[in-house]
Amino acid sequence: MKRKTLTQYLVEQQRAAHALSAEVRLLVEIVSRACKTISHAVSKGALGGVLGSLESENVQGEVQKKLDVMSNEVLLEANEWGGHLAAMASEEMETIHLIPNRYPKGEFLLLFDPLDGSSNIDVNVSIGTIFSVLRAPASASGREITEEDFLQPGTTQVVAGYAIYGPQTMLVLTIGQGVVAFTLDREMGSWILTSENIRIPEDTKEFSINMSNMRHWAPPVRKYIDECLAGKTGERGKDFNMRWIASMVADVHRLITRGGIFMYPWDSREPNKPGKLRLMYEANPMSMLVEQAGGAATDGNQRILDIQPTSLHQRVGVVLGSKNEVERVTRYHHEAKV
Ligand code: P6P
């Protein structure tokens, strides 16, 4: 049977009971087209003159890669004219990006990490684009959008997704009706539906964490990982495997595909920061995808999607993936507090 394209999937969702709005359908199609452009540039590597770093740093204080800036520009330019957005926010930009007055404005806010894992670009390891869609608050109608309008908990997300630029280029998406995945047919330039109703196994034998930070972890994280390392000889009674790609999109894609637990928890290197990863355009979209696929996502203590943001680029501890493992880590955090 002929496989569906992204367009057919979105048209069918629009017709279905949950009535995906025409603006959201347009938004997803435009973002997915921008991801095709980014995929094309990424795949050229050295041949495209896009590798290497710039002299500049982003708002996170990280050296910007040429592809970081290019990917950001691609997403901004693709989304400015459509009339579906009120404003955008990006890991690569300190302040929000308003839609120029020459274009109509819509009711949605788009947030993105244009190229996550960019430290892997120059060594040809999978990277990706993460995006999240919010509705502009009704109170914003008739006035200019402000950063505060973006500060909504992850439970208010309308759409979440990522593109992963790996051996295949894939788009993994949720509009709140489960998780689906599309594979890019480069010859036709079409996103082809290759996985529907993706479910994350509730148990796993695979954990994903940067072990070099072990001495900096809080006790509950150390306890959990020590038990995994003890394997059959310890109380877990089973051996675990470990993976760390240092590209959140790749590590999360693996657990969405076959189960696992991904952790970037608070550690004592920067005790005043809750974690390394960003809430609004990394943790929230990934948490929506994981929950929609039957997994769980907490900051160690509370559900990530319930966190009320206080600033656009705020960071958060992340523990997400197979439900039973995330619940174990979260339980250890709660026990440590009593
Ligand atoms: P570390 C990439 O820079 C990133 O933001 C995530 O994609 C990834 O999970 C994490 O940082 C890797 O961090 O400290 O292991 O290099």
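Predicted model: local features only at pLDDT ≥ 70, side-chain atom pairs only at ≥ 80, totals over all residues.
1. Residues are numbered from 1 along each chain as its sequence is written, and side-chain values use heavy atoms, with hydrogens and water left out.

2. Gly-161 sits in strand β7, residues 159–165; strands (E, at least two residues) and helices (H or I, at least four residues) are DSSP runs, numbered from the N terminus. Apart from neighbours within four places in sequence, Gly-161 is in contact with Thr-129, Ile-130, Phe-131, Val-172, Leu-173 and Leu-289, where contact means heavy atoms within 4.5 Å. Between Gly-161 and Leu-312 there are 19 Å in space, C-alpha to C-alpha, and 151 residues in sequence.

3. The partners of β7 should be read together. Strand β6, residues 127–135, runs antiparallel to β7 and is joined to β7 by seven bridges, with Ile-130 having Tyr-162 as its bridge partner in β7; two strands pair if DSSP finds at least two bridges between them. Strand β8, residues 169–174, also pairs with β7 in the antiparallel sense, over six bridges, and here Tyr-162 stands opposite Val-172 in β8. A hairpin through three residues joins β7 to β8.

4. These strands belong to an open sheet of eight strands with mixed pairing, in the order β4-β3-β5-β6-β7-β8-β9-β10. Its edge strands are β4 (97–98) and β10 (190–195), each of which pairs on one side only. Within this sheet, β3 (residues 85–90) and β5 (residues 108–116) run parallel and are joined by five bridges, and Leu-85 stands opposite Phe-108 in β5. Helix α5 packs on the sheet, touching β5, β6, β7 and β8, and its direction makes about 105 degrees with that of β7.

5. There is also an open sheet of five strands, again with mixed pairing, whose order is β12-β11-β13-β17-β15. Its edges are β12 (241–242) and β15 (296–298), each with a single partner strand, so one side of each is left without a neighbour in the sheet. β15 and β17 (residues 318–321) run antiparallel and are joined by three bridges; the bridge partner of Ala-296 in β17 is Gly-321.

6. The helices α5 and α6 also lie across strands of the five-stranded sheet. α5 lies across β11 (206–208), β13 (261–264) and β17, running at about 35 degrees to β17, while α6 lies across β15 and β17, running at about 25 degrees to β17.

7. How do the two helices pack, and at what angle? Helix α5 (residues 248–258) and helix α6 (residues 279–292) pack at about 10 degrees with their axes 11 Å apart, where axes are lines fitted to C-alpha atoms, for helices over the stretch in contact, and angles run from 0 to 180 degrees between N-to-C directions. That makes α5 roughly parallel to α6, given that angles under 35 degrees count as roughly parallel, over 145 as roughly antiparallel, 65 to 115 as roughly perpendicular and the rest as oblique. In this contact Met-248, Val-249, Val-252, Leu-255 and Ile-256 of α5 meet Glu-282, Ala-283, Met-286, Leu-289 and Val-290 of α6.

8. Two details of the helices complete the picture. α6 is mostly covered, with twelve of its 14 residues buried, and α6 is followed by Gly-294, whose phi is positive, near 90 degrees. In helix α5, Arg-254 counts as buried at 12% relative accessibility, and, leaving aside neighbours within four places in sequence, Arg-254 is in contact with Glu-206, Ser-208, Arg-243, Ile-245 and Gly-259.

Definitions and conventions: Buried < 20%, exposed > 50% of the residue type's maximum accessible area, 1.4 Å probe, protein only.
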